[in-house]
Amino acid sequence: MTNLEPNTTYSITIQARDTSSNLSVLSNELTQTTLVGPIVLLKENFDDCSDIAFFEKSEASAKNWRCENTFGENNTGSIGINGYEEIELSKDWLITKNAINFDIEYNEKISFYADAAYGDSPLELVYSSDYDGLGNPSDFTWTAVPNCTIPIKSDSSGTEEVFYFNDRDVSSITGVVYIAFKYFSNGNPTRWTIDNFKITADENED
């Protein structure tokens with residue numbers, strides 16, 4: 001069976017049909033409850049740029065993150081940074097507006113879409129347990145999110161290279177943390193695009 005709701009009770013009966021289209025009597029009713037589905041801790045598809053779950057923090061350059069209603073996965077909404085003709089090296093952050101508590105549930109996973117064009121400046125996904133949500137991010141401690149290393153674009157052409165991150169295990173993160181995309185250009189800027197960012201977890205039954 002498909003398209004069932006999580007944590008929902010269903011009653012099922014079965015009726016057989018033979019090759020002559022004769023129907024059997026209905027079976028006894030079987031009642032089952034589906035499992036609890038994953039809890040969404042954060043979900044952002046960047047389709048409404050007036051209200052997204054991230055904020056932009058720039059330390060250098062005027063090439064900031066910008067939300068768009070196109071350019072994402074399947075040309076849906078997205079957020080991106082374009083360092084074309086940057087005057088100085090970029091130091092830009094895209095940070096969750098709210099800290100996320102990784103101690104309430106378990107088996108946390110992250111998914112997102114990324115694509116890159118031009119340059120070979122890296123994009124990192126990092127988290128911080130001491131960031132205050134206001135200050136200069138570089139003044140705080142940031143650690144790479146496990147299992148989410150974003151590759152460097154394989155060439156410097158304008159052709160987009162796409163990277164999919166699906167249900168990457170990040171359950172080793174503990175505590176209340178901010179999560180951020182960190183873009184520090186290296187003189188050969190890359191146009192990075194992010195879409196469909198999601199953090200899920202399984203519910204503790206305690």
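A salt bridge here is a side-chain nitrogen of Lys or Arg within 4 Å of a carboxyl oxygen of Asp or Glu. The legends below refer to a predicted model.

**Figure 1. A buried glutamate, E105, without a salt bridge.** E105 is located in the loop that runs between β8 (100-101) and β9 (106-117). Its side chain is buried, and K109, the nearest side chain of opposite charge, is 13 Å away. Because a salt bridge requires nitrogen and oxygen within 4 Å, K109 at 13 Å does not qualify as a partner of E105. Apart from neighbours within four places in sequence, the residues in contact with E105 are I39, A201, D202, E203 and N204.

**Figure 2. Overview of the fold.** The protein has zero helices and 14 strands. The chain has 206 residues, of which 37% count as buried. When contacts between residues at least 6 apart in sequence are considered, 74% of them join residues at least 24 apart.

**Figure 3. Strand β6 and its two pairing partners, β5 and β14.** Side chains in a regular strand alternate between the two faces of the sheet. In β6 (residues 78-81), S78 and G80 lie on one side, I79 and I81 on the other, and all four are buried, so that both faces are covered. Strand β5 (residues 66-68) pairs with β6 in the antiparallel sense over three bridges. Within this pairing, E68 has S78 of β6 as its bridge partner. Strand β14 (residues 191-202) also pairs with β6 in the antiparallel sense, over three bridges. Here the bridge partner of I79 is I194 in β14.

**Figure 4. Aromatic pair F54 and F197, edge-to-face.** The whole structure contains 14 aromatic pairs. An aromatic pair is described by the distance of the ring centres and the angle of the planes. For F54 and F197 the centres are 5.3 Å apart and the planes stand at 85°, so the pair counts as edge-to-face. Because F54 belongs to strand β4 (residues 54-60) and F197 to strand β14, the pair ties together parts that are 143 residues apart in sequence.

**Figure 5. Aromatic pair F163 and W192, tilted.** The centres of the F163 and W192 rings are 6.1 Å apart, with 35° between the planes. F163 is in strand β12 (residues 161-169) and W192 is in strand β14, so this pair ties together parts that are 29 residues apart in sequence. F163 and W192 are both buried.

**Figure 6. K182 over the ring of F184.** The charged end of K182 sits over the F184 ring, at 4.6 Å from the ring centre.

**Figure 7. Salt bridge between R66 and E68.** Side chains of opposite charge can pair when their charged atoms come close. The search of the whole structure finds three salt bridges. In the one formed by R66 and E68, the closest N and O atoms are 2.8 Å apart. R66 has a relative accessible area of 57% and is therefore exposed. E68 has 21% relative accessibility and so counts as partly exposed. E68 is also the residue whose bridge partner in β6 is S78.

**Figure 8. Salt bridge between K153 and D155.** The closest N and O atoms of K153 and D155 are 2.7 Å apart. K153 counts as buried because its relative accessibility is 6%. D155, at 37% relative accessibility, counts as partly exposed.

**Figure 9. Salt bridge between E160 and R191.** The side chains of E160 and R191 meet with an N to O distance of 3.2 Å. This pair links distant parts of the chain: E160 is in the loop between β11 (143-144) and β12, R191 is in strand β14, and the two are 31 residues apart. E160 is partly exposed, at a relative accessible area of 41%. R191 is likewise partly exposed, at a relative accessible area of 25%.

Note on methods
Residues are numbered from 1 along each chain as its sequence is written. This is a predicted model: local features need pLDDT of at least 70, side-chain atom pairs count only at pLDDT 80 or more; totals for chains, interfaces and linings use all residues. Side-chain values use heavy atoms; hydrogens and water are left out. Buried means under 20% relative accessible area, exposed over 50%, partly exposed in between (1.4 Å probe, protein chains only). Two strands pair if DSSP finds at least two bridges between them. Rings of Phe, Tyr and Trp (its six-membered ring) pair if their centres lie within 6.5 Å; planes under 30 degrees apart count as stacked, over 60 as edge-to-face and the rest as tilted. A charge sits over a ring if NZ of Lys or CZ of Arg is within 6 Å of the ring centre and within 35 degrees of the ring normal. Lys and Arg count as positive and Asp and Glu as negative; His and the chain ends are not counted. Contact means heavy atoms within 4.5 Å.
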